[in-house]
Amino acid sequence: MAKPSQIFREFAFSLCLVCLSIAVLSTPIAAQKADNEYQVGAILWTQTSAEKAALSYQAFSLARLRLDQDFRASRNRRGKRAVIVDVDETVLDNSAYQAKLAKEQKPFEGKTWTDWCNRAQATALPGAVEFLRYANSRGVRVFYITNRRVTEKDGTARNLRALGFPDVTDNTLLVRTDGSTKEPRRQSVAAKYRIVLLMGDNLNDFAEVFEKSKTIDSRLSAAEQNKKQFGSRFIVLPNPMYGAWEDAVYGEGRLTDEQKADKRKETLRGY
Ligand SMILES: [Mg+2]
């Protein structure tokens with residue numbers, strides 16, 4: 001038969017275990033920090049390098065050159081001209097959103113992205129407003145085709161208008177309604193206008209062939225096959241922060257941050 005002191009010790013031990021379990025279960029699990037330190041270089045380059053600004057001016061001055069060329073070459077051609085631009089990292093700079101995520105070690109999330117879009121605080125890419133205002137002043141219809149969503153449309157329109165972008169209306173700001181492909185929206189513009197130029201930071205902004213190419217090799221091969229279009233009908237802006245290029249590195253399927261880090265390292269080509 002157990003002695004009273006032994007019973008007391010066992011009772012006290014059990015009580016401690018219960019208290020410990022309650023303490024562990026009621027402690028909030030610290031939010032897992034996102035592994036986005038590797039993005040710091042790309043964000044810094046985007047925010048601080050004069051080269052980034054110069055590349056942006058270069059893209060929009062080439063766009064103007066191509067548009068002027070089209071005015072001269074096809075003065076008598078029928079059909080109203082259109083220019084299609086993507087929004088993010090093509091005419092709006094969202095590096096502040098990326099920087100906040102990196103500083104706080106937080107992952108990209110739809111909720112914080114929508115909040116950022118509706119704050120309407122993105123800045124304009126250098127040369128973008130001037131070029132699109134010029135195109136608009138010459139009677140060219142400007143279309144903004146973006147994969148921002150309907151819930152982000154008002155904020156996007158406010159942001160673009162506040163920065164001075166021309167002709168931002170329900171008819172010209174074409175957000176994502178079903179699926180990320182931009183082809184149906186491009187086709188809807190092509191049905192009524194002659195598309196002189198497309199501008200984007202992601203090859204998916206230009207043609208369906210790129211949207212279908214998802215691996216590194218097939219993307220490089222699609223770029224090679226369409227090389228004559230770059231700098232003429234397709235004008236690309238640099239975005240080292242994110243994009244389909246990064247998805248191609250990771251391949252299909254969901255990876256953990258650790259698996260993504262491994263993929264990045266194993267994809268690097270050394271000598
Ligand atoms: Mg973009």
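Predicted model: local features only at pLDDT ≥ 70, side-chain atom pairs only at ≥ 80, totals over all residues.
Student: How far is Asp247 from Ile216, going by C-alpha atoms?

Tutor: Their C-alpha atoms are separated by 9.1 Å, although Asp247 and Ile216 are 31 residues apart along the chain.

Student: Switching topic, how do α3 and α6 pack?

Tutor: Helix α3, made of residues 50-73, packs with helix α6, made of residues 128-137, at an angle of about 15 degrees, and their axes are 9 Å apart. The two helices are therefore roughly parallel, since angles under 35 degrees count that way.

Student: Is that crossing left-handed or right-handed?

Tutor: The crossing of α3 and α6 is left-handed.

Student: Which residues meet there?

Tutor: From α3 there are Phe60, Ala63, Arg64 and Leu67, and they meet Ala128, Glu130, Phe131, Tyr134 and Ala135 of α6. Sorted by class, this contact of α3 with α6 has 7 nonpolar and 2 charged residues, with no polar ones.

Student: Zooming out, how many helices and strands does the protein chain have?

Tutor: The protein chain has 12 helices and 7 strands, and 25% of its 271 residues count as buried.

Student: What about contacts between residues at least 6 apart in sequence?

Tutor: Of those contacts in the protein chain, 82% join residues that are at least 24 apart.

Note on methods
Residues numbered from 1 in each chain as written. Helix = DSSP H or I, 4+ residues; strand = E, 2+ residues; numbered from the N terminus. Buried ≥ 20, exposed ≤ 12 C-beta atoms within 10 Å, placed from the backbone. Contact = placed C-beta atoms within 7 Å. Axes fitted to C-alpha atoms, helices over the stretch in contact; angles between N-to-C directions. Parallel < 35°, antiparallel > 145°, perpendicular 65-115°, else oblique. Left-handed = near helix turned anticlockwise from the far one by under 90°. Nonpolar A, V, L, I, M, F, W, Y, C, P; charged D, E, K, R; others polar.
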